[in-house]
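Here is a short briefing for a reader new to this structure. Take a look at the model first, then go through the points by topic.

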Amino acid sequence: MFSLAGVAEGPPEEVLQGAGLRLTRPRKAVLEVLSQSNEPLDPEEILVRAAVRCPGMGLVTVYRTLALLTELGCIRRIHDGDHCYGYVRTTLAHGHHVVCRSCRKVVEFPGSEDLGAMVGQ
């Protein structure tokens, strides 16, 4: 297995390498799908989109990749009001996400900001 101790912040490729892991085709496909999405995606939707980049990828691989990338801090799990969840890419070492209830767009913020301006958007 791998150790998260000493994993540097930075691009996912560097984070994986710092943990002694490779950027495999399935991991790259999942990261690309999440990078191109403005809304949280569930594992099934990630599979549909990632299969274009990595044919033959299965749902178990998606779940394992999501678990690993979440543990490494490259992505975050987002909870909706109906308790369903999706995943989004992270760009901040310590940040939070706001999800619009009508369009499902996700905005990441450091947590020290006033949310009033974001709520109106």
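Cys74 is buried, because its relative accessibility of 5% falls under the 20% cut-off. This is a predicted model.

**Cysteines**

- Cys54 is buried too, with a relative accessible area of 5%.
- A disulfide is a covalent bond between the sulfur atoms of two cysteines.
- The structure holds zero disulfides.

**Helices α2 and α4**

- Helix α2 covers residues 25-35, and helix α4 covers residues 59-72.
- The two helices pack at an angle of about 75°.
- Their axes lie 10 Å apart.
- An angle from 65 to 115 degrees counts as roughly perpendicular, so α2 and α4 are roughly perpendicular to each other.
- On the α2 side, the contact is made by Pro26, Arg27, Val30, Leu31 and Leu34.
- On the α4 side, Thr61, Thr65, Leu66, Leu68 and Leu69 make the contact.
- By class, seven of the contact residues are nonpolar, two are polar and one is charged.

**Salt bridges**

- How many salt bridges does a search of the whole structure find? The search finds two.

*Glu32 and Arg53*

- Glu32 forms a salt bridge with Arg53.
- The closest N and O atoms of Glu32 and Arg53 are 3.0 Å apart.
- This pair links distant parts of the chain.
- Glu32 sits in helix α2, while Arg53 belongs to helix α3, which spans residues 43-53.
- Glu32 and Arg53 are 21 residues apart.
- Is Glu32 buried or partly exposed? Glu32 counts as partly exposed, at 28% relative accessibility.
- Arg53 is partly exposed, with a relative accessible area of 30%.

*Glu45 and Arg49*

- Glu45 forms a salt bridge with Arg49.
- Their closest N and O atoms are 2.6 Å apart.
- Glu45 and Arg49 are both in helix α3.
- They are four residues apart, so about one helical turn separates them.
- Glu45 counts as partly exposed, because its relative accessibility of 29% lies between the 20% and 50% cut-offs.
- Arg49 is partly exposed, with a relative accessible area of 32%.

**To take away**

- Cys54 is buried, and Cys74 is buried.
- Helix α2 packs against helix α4 at about 75°.
- Helix α2 also holds Glu32, which pairs with Arg53 of helix α3.

Technical notes. Residues are numbered from 1 along each chain as its sequence is written. This is a predicted model: local features need pLDDT of at least 70, side-chain atom pairs count only at pLDDT 80 or more; totals for chains, interfaces and linings use all residues. Side-chain values use heavy atoms; hydrogens and water are left out. A disulfide is a pair of cysteine sulfur atoms within 2.5 Å. Buried means under 20% relative accessible area, exposed over 50%, partly exposed in between (1.4 Å probe, protein chains only). Axes are lines fitted to C-alpha atoms, for helices over the stretch in contact, and angles run from 0 to 180 degrees between N-to-C directions. Angles under 35 degrees count as roughly parallel, over 145 as roughly antiparallel, 65 to 115 as roughly perpendicular and the rest as oblique. Contact means heavy atoms within 4.5 Å. Ala, Val, Leu, Ile, Met, Phe, Trp, Tyr, Cys and Pro count as nonpolar, Asp, Glu, Lys and Arg as charged, and the others, Gly among them, as polar. A salt bridge is a side-chain nitrogen of Lys or Arg within 4 Å of a carboxyl oxygen of Asp or Glu.
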